[in-house]
Amino acid sequence: MGSACFILADSDGTDCDASLQEMRIRRCRGCVRCLTEHPGICEIDDRFTELIPVILAHSELRISVAPEHGKVPDRARKAIERLSNILDAYTDCGGNVPLPADSVDLRRITVAYRGNFEDRMESEITGALRKGPVSDVDFIYFEN
């Protein structure tokens, strides 16, 4: 298994390996090239694409989010969507031949909610991220 936990937070970059707040993450444009032309590799030119191989080289990813207007911040939603699409390359999604799960180290994703959320999206996030090499998606909660 790979190295320890990679922390991706929506904060200012303190106490995390990468800050979502400091990135302009683009939405997936649905080109499916990460499944068909170059499986497991996103071709969107942004900082998050650069982080994907780093995330996959860790055994755990912790996504730490605080609410914006009671909801999961859009930047966190985009990161989860993009990572979900990359994880599809390790499944038979769309009839594609899956990449071998043992070619990456990521096995666990933890979403840490900091504060009071009206909309926490546990079932949506679990469905999006528990696939391919990822067998565990967990949630922890901290009150501010």
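**Exercise 1. At what angle do helix 2 and helix 3 pack, and how far apart are their axes?**

Before starting, note that this is a predicted model, where local features need pLDDT of at least 70, side-chain atom pairs count only at pLDDT 80 or more, and totals for chains, interfaces and linings use all residues. Residues are numbered from 1 along each chain as its sequence is written, and side-chain values use heavy atoms, leaving out hydrogens and water.

*Solution.*
Step 1: Find helix 2 at residues 47-56 and helix 3 at residues 74-87 (helices are DSSP runs of H or I, at least four residues, numbered from the N terminus).
Step 2: They pack at about 60 degrees, with axes 11 Å apart (axes are lines fitted to C-alpha atoms over the stretch in contact, and angles run from 0 to 180 degrees between N-to-C directions).
Step 3: The two helices are therefore oblique to each other (angles under 35 degrees count as roughly parallel, over 145 as roughly antiparallel, 65 to 115 as roughly perpendicular, the rest as oblique).

**Exercise 2. Find which residues of helix 2 and helix 3 meet.**

*Solution.*
Step 1: On helix 2, pick out F48, T49, I52 and L56.
Step 2: Their partners in helix 3 are A79, R82, L83, I86 and L87 (contact means heavy atoms within 4.5 Å).
Step 3: Sort the residues of this contact: seven are nonpolar, one is polar and one is charged (Ala, Val, Leu, Ile, Met, Phe, Trp, Tyr, Cys and Pro count as nonpolar, Asp, Glu, Lys and Arg as charged, and the others, Gly among them, as polar).
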